[in-house]
Amino acid sequence: MKHTGNIGKPKRYGMVIDLDKCTGCGTCMVACMAENNVPFKKDESNKLDSITWLRVYRLTNGKPYPDNEVCYLPRPCQHCAGKHEGHSPCVSVCPATATDYDQETGIVSQIYTRCFGCRYCMAACPYHARYFNWWDPVWPKGMEKALNPNVSARMRGIVEKCSFCFHRYQKAMEKAHMEGRRELEEDEYQTACTQACPAGAITFGDLNNPEHKVHQIAQPDPAKGGRPRNPKVFRLLEELETNPKVYYLSSREWVQEACHKPHLLDQKTAHH
Amino acid sequence: MKIDRRSFLALSVGGTVGTALTPLPWKIQDDLAIWTQMWPWTPDPLDGENTFTHTVSTLCRGGCGVTVRKVGDRVVKIEGREDYPTNQGGVCNLCASGMQMLYGPTRIPHPIKRVGDRGAGQWARISWEEALSMVAEQLGEIRQAGQPETVACLSSRKYGSVAELLKRFLTAYGSPNFMVTPSMMDAYDMTLKRMHGVDGRMGFDLENADYVLSFGSGLIEGWGNTAYMIHTNSVWKERKATVKQIEPRLSNTAAKSDQWIPVTPGTEAILALGIAYVIIKESLYDYDFVNNFSTGFEEFRSAVLSGYSPGNVAKQTGVDQSTIVTLAREFARARRPMALCGRGQGTVPGGLGESVAVHALNALVGNINRPGGVWAMPRPAVDGWAAPALDASAQAGLAKPRLDGAGSAAFPFAEQLFNRVPEALATGSPYPLKALFVYEANPLFSTPGAAKVREAFDQIPFIVSFASHMDETAMAADLILPNHAHLERWEDVPDTSGFHQPMIGLVQPVVEPIRDTMHTGDALLRLAAALGGTMAASMPWENYKACLQEGLASRWSQLEADGFWIDNRYRPDTWSLAFPTPSGKFDFGVAGSDLKALFAPAQPEGDDGSYNLKLIPYDSVRIPNGPVGSPPFLVKIVSDTVLKGNDLFVEVNPETAKAAGFVEGDHAVLKTPLGSATVRVHLSDGLMPGLVAIPRGLGHTAFDGYLAEKGINANDLIGSVEDAASGLDAAWGILASLVKA
Amino acid sequence: MDSALIPKGVKRCPIWQFALGLGIAGAVLLWGVYAMFLCWFKGLNQTNMNDYYGFALWIWADLAVIALGGGAFFTGLLKYVFGKDELKNIINYAVLIGFICYSSALLILAIDVGQPLRSWFIFWHANVHSMLTEVAFCLSCYFCVLTIEYIPLILENRQLDKVPFVHNLSHSMHEYMAVFAATGAFLSFFHQGSLGGVAGVLFGRPFAYREHLFIWPWTFFLFTWSAAAYGPCFTLLVTRITEKIARKQLVKDATIQLLAKIAGWMMFTYIIAKIIDTIYWATTTAPSLGFSLKEFYSNNPVYGFSILFIEIVVCGVLPAVMLVIPKVRSNRLLLTLATVLAVIGVSLNRWVMVLQVMAVPVMSFDTWVMYYPSWQEVATTILPVAYGVILIMISYRYLPIFPQEAELNPLEPETPVAAEMDSQEATEADADPELTPAEA
């Protein structure tokens, strides 16, 4: 295949999640947990200490019956680039360099063996994408067999989060190198949630590559920190200039409004 | 030696400096660093060769085509199979959690027999020989006594070689009592039989429909094939098809639809007839189909026009007249409109009248056996086997009426009515059961009015379960012959979820059985051999795989090669050939039925005037409510507005809650004629006032600490209501009250 | 019994009273230690923190004790660098309080992190962009400085001082104290500031985020400033409490008034800066991030607008004005009241900059989450208080902390050398350590 897109240049892996298609079934969460050895406790009903790298939020328009509307919004780590590449809210604050912004891929990684659990990154992240291991993970007897060897199991006292299945990128790159290639095809590296979603609501790829679907849907504007040019596409908390790499698509106006704070220039104040 | 202050000081300082100069502190520091980075008890999964195997996951009702990733001999991931015709790369949340079902501690590790009281959980391990001979002995005695009809079997699957083998076993044995857990397909099958004259199954060409009118079907919440329906929903979005959802609760389906039309529960059929009224009155129906290919239209027309004017219907359903008229016009004018029924996941069939009323809409617009329409399809058959041999004893047994009354004079078109079994057992009429086989079904949990089923099961002296996991019904069994888990066995899975092409998926063993289990097919073959005579002759195969291969006949080679078989070119019969009714036409008159009686809505039980609310069950795509209990991953993704600790939340409209003095999170006692339970209140603007909504699938008493005792079982509070016309369970919910705890 | 250790020329309570006091504080300490071990061995699930409250009571306690311990560096700065020699009469106590505060902060941090045995990674894998790295480095360095400042005081113990080496060492350390004090002030400027920066740089959290000056957000300067302003107030307050318990004056009014005046003017200027910062943040910074002020304050009592009013007006402007007016601050009761308000004010400021930052939902579909500490968190937070009380009791009893004590409370002339007489003295002796209230 001929590449005209993004050869030899840094990649900016990102997602567009189609909220019109998302049904809130939660398969993405399950696929993520299975892929990434996310632990589970007997009681996971306290969502404030329940590790879900990808969490599906339920949004409502707040209107009474029968005008109530609901939309589901899956929220993985947003892999923020910040005002300048690498100035993610969390990466900039970690005292022990246990979380890192990969300039090759734009992925924010978490080094589990280095994190000492100060949780400053959690305080910094407005998306609540980071989770602390309040408990030492325990797998019921036998279930540890299902653990994925490509992702290390974490231990108590450290922070973890979505990695855009970075191990899949590494595997794909290894394979490409073995075959003498330096570039990946679009479908060679896909996250577990993207792959599992029965609705096909998640599109994943290189935002810098005009050939990739994510680029085509989101149409990021490099001059404006990656702001989408597609009017139906938006990012969460655009005004904070976190410059996230997860884009959302919705045709419902109230969803668009609920997802990002009105900008000063819009002269809007209150909403929803 | 006297140690003075000076020498003590010198010693301690010297010692400290000396130690610091040795490698010891650095070694300790290093070890500590390593230790703190990987505690010895933190699992460190071994790497190994990666392999990917296709199979079909049977955990969900529809069956997901999956690719299983193995590392060495461990299953580590289950992903949707890219080229599988239904889910097409996606997967449902339950099948994606399949590793936990395979490796989980609730697996039954080997054959066991009950040693304590029933349900007490006291078991003794026995060998397979012992277990099988126990069953053979019991069955032999019953047959000897000339009562083969008193042996029954309950399966969650109606089709496929294992279901057929169970049925064949009973037939050869002499029992007519092969039963299947109820579903909306029972009502659809009956509708098909009585309106089309076809003994078949419904197929829905969903992707090509451009206007979908759903009467409470949880289209993206487990109705039909879960992953395929969610995929279809995305296709609808891309093609800008319209979906209108009619139900009292803002389900996910309603939330994703183009319009949510709240309707008083139980009046969906009335609304369908109201829509039919407008279509007929405004002559919006398909003249060609109605005039040339249908019969009984006059009867239908007069039944509809006499009682279902929009004004009348609006009063009963709570839907505006103008909405009814709009829906009717939109539906009739759409290119490929489709009306669907089966509430939620379709676990309760609903009455025949409801199914007929909804299907009549499809017929009125002529969207029958056409692209984007509803198709009459042949049933999947295991047709490679010779007919079973029947001895006199078998023939005598088979001549007896069925226990559930299906096929009797009262319910001639019913194939099975498991909802009628509890009463039959309670009264001992027509006869008591001596033995029951339970295959991949958990009726003690998942049947409405579960308490009655539990009582009924107490009347059965010998219950044999083939469960792989220790569910509620297995807990109440006398003997468990554990089946291989879904990733350990061969099996064929014909699609019966409404897919519009004949299709069979092949379940293939991905791993060697990790427990001392046996394929139920093999267990049946060995039992038949032990019973000897015509039983053995009817089931002559060496093993289940041979029997599977023979049964699938010509389709086997493609199945073996591709992992599935599909008839891509299948097209339903054209109208002129499609209806093998006496008239050769589609029958709006439902084979001469009293339409007025047929369309009368089901009355909820126990109306003694003390209940001011209506309780409706709802199905969540995140909570399996059938034979499979939620694995830990699925329990984890249940919302905290549904389950908090072990407390279950019921949804109540804020207005209703306010009137009763409830605020968010309050504890309350939910009471119905069947019983009461303590719940918590969740205020929802997505529920019609006057209702309480409860999720199905929680409140397990079996399984482990990851699932057991969480929430309450809706089936303990909601029972079944027998539809006079069909015998099917027509319950939409029940009357209830909610008072402060 | 222990009279040989007690400084010359002062009276102390009988040993049984002292032991009883120690015992009570020790019991509280043990309770805290038990909770501490629970946290270490069972993990942070022992707390009520969660993924929304990654920072909670402990981080607040850390920030608060460091602000309150600011008296040490600022008094040192005033005495050794700015030559306010009068302050030599309170500097010892300021150092001791600072030492207690900073050692407590380090201990709390050691409990707070999820993997305490890895905490050295902060130095090993230091990320120079992180405010917390700056805090860690400056904090540990400054703690060393405080230790060095505290050591000469220990060495002045009557018995230790008899050893010529110790005597000389302590003397020469005193010589260089100005250097350490200057170093301490320098380090404090950075770590106090960095602690302010911890919240101020969080550009993902509009409630905390402040505009920058150089590489530091405004909170950097506000925190240093407030520590310098409110730290001495805490020193004054603890001195006052100690005097109350000892039932005698320990520091002359001139010293107290001088420190109070300086603290008052520091607070006065700080609170003006804080008000300007708040107005700028409310009208410019937050709106530019898409937030209006009312989104930051929910209508519950913990995070309502009242908290802003109490911090800035009741516990900010009011004590500042009180201390600035000579007539008011020379009234001992009003002076004490002003210091109490000031201590509450700075603690409240730190509370808001930690807890409310966590509580305010940023995504519009997120919710306000409430938090209350578990007993383990409370116990481990009280632990340092008990430890501080014990350290003060011991230091007060055996070390010449207050240079003016003997002068202010002359012993009766006929009193012989204390050695055999303590039991008699005890009856009229003063201190009743078990009444020592919590001071942090």
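Two bridges join β23(B) to β24(B), and the two strands run antiparallel. Strands here are DSSP runs of E with at least two residues, helices are runs of H or I with at least four residues, and both are numbered from the N terminus. Two strands pair if DSSP finds at least two bridges between them. This is a predicted model, in which local features need pLDDT of at least 70 and side-chain atom pairs count only at pLDDT 80 or more, while totals for chains, interfaces and linings use all residues. Residues are numbered from 1 along each chain as its sequence is written, and chains are lettered from A and ligands numbered from 1 in the order in which they are written.

Stay with the hairpin. Two residues lie between β23(B) and β24(B), and G645(B) takes a positive phi near 60 degrees there. K644(B) stands opposite D647(B) in β24(B). Strand β24(B) spans residues 647-652, and five of its six residues are buried, so the strand is largely enclosed by the rest of the structure. Buried means that 20 or more other C-beta atoms lie within 10 Å of the residue's own; exposed means 12 or fewer, and partly exposed lies in between, with C-beta atoms placed from the backbone.

Four bridges tie β24(B) to β26(B), residues 675-683, in parallel. Within β26(B), H682(B) is the bridge partner of E651(B). Strand β27(B), residues 691-695, pairs with β24(B) in the antiparallel sense over two bridges. In β27(B), E651(B) has A693(B) as its bridge partner. Strands of a sheet pair through backbone hydrogen bonds, either parallel or antiparallel.

Now move to another sheet of chain B. Four strands form an open sheet in the order β11-β10-β9-β13, with parallel pairing. Its edge strands are β11 (259-261) and β13 (337-340), each pairing on one side only. Neighbouring strands are turned by 15 degrees against each other on average, direction ignored. Angles run from 0 to 180 degrees between N-to-C directions, and axes are lines fitted to C-alpha atoms, for helices over the stretch in contact. Strand β10(B), residues 242-246, pairs with β11(B) in the parallel sense over three bridges. Q245(B) stands opposite W260(B) in β11(B).

A helix lies across this sheet. Helix α14(B), residues 321-333, lies across β9 (211-214), β10, β11 and β13 of chain B and runs at about 135 degrees to β9(B). Which helix does α14(B) cross at roughly 65 degrees? The partner is α10(B), residues 268-281, and the two axes come within 8 Å. The crossing is right-handed, a term for a near helix turned clockwise from the far one by less than a right angle, whereas anticlockwise is left-handed. From α10(B), G274(B), I275(B), V278(B) and I279(B) meet a set in α14(B) that includes I324(B), L327(B) and F331(B). Contact means that C-beta atoms, placed from the backbone, lie within 7 Å. The residues of this helix contact divide into nine nonpolar, one polar and no charged. Ala, Val, Leu, Ile, Met, Phe, Trp, Tyr, Cys and Pro count as nonpolar, Asp, Glu, Lys and Arg as charged, and the others, Gly among them, as polar.

Step back to the whole of chain B. The chain is divided into domain 1 (5-37), domain 2 (50-103), domain 3 (185-379 + 572-598) and domain 4 (603-740). These bounds come from an automatic or database domain assignment. The C-alpha centres of domain 2 and domain 3 of chain B lie 34 Å apart. 11 residues of domain 2 are in contact with eight residues of domain 3 in chain B. The domain 2 side of that contact divides into four nonpolar, six polar and one charged.

Next come the chain interfaces. Contact between chains B and A takes 60 residues from chain B and 49 residues from chain A. Elements including β3 (74-80), α8 (226-239) and β23 (643-644) of chain B each supply at least two residues of the side that touches chain A. That side of chain B divides into 30 nonpolar, 18 polar and 12 charged residues. Contact between chains A and C takes 45 residues from chain A and 43 residues from chain C. On the chain A side, α2(A) gives the most, with four residues.

Finish at R229(A). R229(A) is exposed, with 10 other C-beta atoms within 10 Å. R229(A) touches Q219(A) and D221(A), not counting residues up to four places away in sequence.

Notes:
Contact = placed C-beta atoms within 7 Å.
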